[in-house]
Every structure is written in structure tokens, then in C-alpha cells.
Amino acid sequence: MKTPAKILAAQVSRIEESGRFYPRSEALPTWCPGCGYFGIHQGIVDCISSLGLPLHEIVTVSGIGCAGRYPFFSKTYGLHTVHGRTLPAATGIKLAKPGLTVFAIGGDGDGLAIGGGHLPHIARRNIDVNYVLFDNSIYGLTKGQPSPTSPLGSKTKASPYGTVDQPLNATLMALTYGASFVARLFAGDPKGITDALIQGVQNPGFSVFHVYTSCVTFDKTFKTWTNLKKWVHPLPAGYDPTDIHVAFDQVLKDDFSMGIIYRRKN
């Protein structure tokens, strides 16, 4: 008779044999049950496994917040930096050891508020860093304040009458600053994240992966799983990601088309 314990053990064994545990550390993620960050983590794990990247040649760098804890959950080398300093640290690592694969991990609060001033400079220098931006449009670790990507009028404990600031568009910013590879992705689609990461990691320059995700604890009205699944959709058929003018036009007219938005011709 198959007991729940036997079923679980069989599933764990199957996943171990697939190699999908390989890049994960023994530390279990501390994110809330149902958090979209699990899907992003899986996308990164599968990218590393698919490319066969040696773990000792990878560094994951993070700032603060829920996304900032990411390096603890990976077997790669990791650096948990201070608030908003993910990209400068990643730049230094890449310049010191060009052979390393560097993943910079940031949340919308960490990366676009105090850390926002670093994004244009790593982009214009085209440093070969892979920046994965976890965007749930809220500060989750500090209990739900509005972030730079919260929609206008968002009501939280820190903005009970609604926010008065226009939200930032990280995909548009990455294009404007000159990133050589830009993808907009959805945490509910780990395979799509993996596919984009595989191409982005192979891009010899600065790659941005702007991932929409949910905060199941503090956002009950905007980026919920239900809403995101209704809103996101693929880029139009025949879309040409090598045309920067097409990329700008697409991002300006559609906030929820997913895929590789721009890839500079080498």
C-alpha cells in the first residue's frame, strides 16, 4: 500500500535523479507558501542545470528584502550585500573574475528605489551580468509598504489613502538605459523563465530579466495569481526582438506581453 510518506519519498527520488536539486542548497527557502519566488528559483535552477554551469564558477549577488535571501538557497558562491548595492557588487565580481557567471538578484524595492541609480551605469557599460528582478510591486519583508512599481492609488498600511506616485516600468528602463538583452517574464511560468535565462546567460553583455510575481501575503488586489494569469500573454506572432524600435513600441503599448523583448545583434 502506498502511504503518503512513500509517495513523497518516490517523488523526491525522481526529482533527485533528474538533477533538479543539484544547484539548490540544503537551506529551504523561507518565502511564504504560494510565493511566486519559488517559480523564479526553479527557473534559475533549471537554467544552471541545462547549461551545465559548474557551481564553483557561479556567483549569486543580492541586496535586501525577500529576494535578498536568494543566495542562501543556492549551492553557488553567494554574496548578500546591503540595501541597493547588488549591481555595483556584481560589477566588481565580474571585472575581477571575468570567467565567472554572475547572477544579480533584486526585488523591485531594493533594485528600483535606493538601488535604482546603479541600473543605468551597468547597462551603458554592458557588463556581462545577469540581473533577475523579482517584481511583486510591494515591500513584502517589511510588511507591505508600496514600492516603486506599485500601481497608482495602491492602498497599503503605509498608504491608507492610496499612493500618489506613478509606478516605474523596469522593462522600459532597461531598454532606455541600453541593456543588450531584456526579457519580461512571469513567475507562474518557470519554463519560460528558464528558456529566457538560457539565452540571456549566453548573451555577452548586461541581461535583464524583469519577472512579474505575486506577494500572496500583502497584495490581495493587484498582482494576485488570479489577475496575473488573466493579464499575461505571449509577445505577438512574428515579433522581432532584435529591433529596438519594435521593442520600445511593444513595451509602451502593452504592460503584460511576456518573452524576450530585446536582444542586441552581436
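**Exercise 1.** What is the order of the eight strands in the open sheet, and which pairing does the sheet have?

*Solution.* The model is predicted, with local features requiring pLDDT of at least 70 and side-chain atom pairs pLDDT 80 or more, while totals for chains, interfaces and linings use all residues. Residues are numbered from 1 along each chain as its sequence is written, and side-chain values use heavy atoms, without hydrogens and water.

Step 1. Strands are DSSP runs of E (at least two residues) and helices runs of H or I (at least four), numbered from the N terminus; two strands pair if DSSP finds at least two bridges between them.

Step 2. The order reads β2-β1-β3-β4-β8-β7-β10-β9, and the pairing is mixed.

Step 3. β2 (77–80) and β9 (233–234) each have a single partner strand, so one side of each lacks a neighbour in the sheet.

**Exercise 2.** Determine how β1 pairs with β3.

*Solution.* β1 (residues 58–62) and β3 (residues 101–107) are parallel, joined over five bridges. Valine 59 has valine 102 of β3 as its bridge partner.

**Exercise 3.** Describe the crossing of α2 and α7.

*Solution.* Step 1. Axes are lines fitted to C-alpha atoms, for helices over the stretch in contact, with angles from 0 to 180 degrees between N-to-C directions. Those of α2 (residues 37–51) and α7 (residues 190–201) come within 8 Å and cross at roughly 45°.

Step 2. α2 is therefore oblique to α7, a class left after roughly parallel (under 35 degrees), roughly antiparallel (over 145) and roughly perpendicular (65 to 115).

Step 3. Contact (heavy atoms within 4.5 Å) involves residues including Ile40 and Cys47 of α2 and Ile193 and Leu197 of α7.
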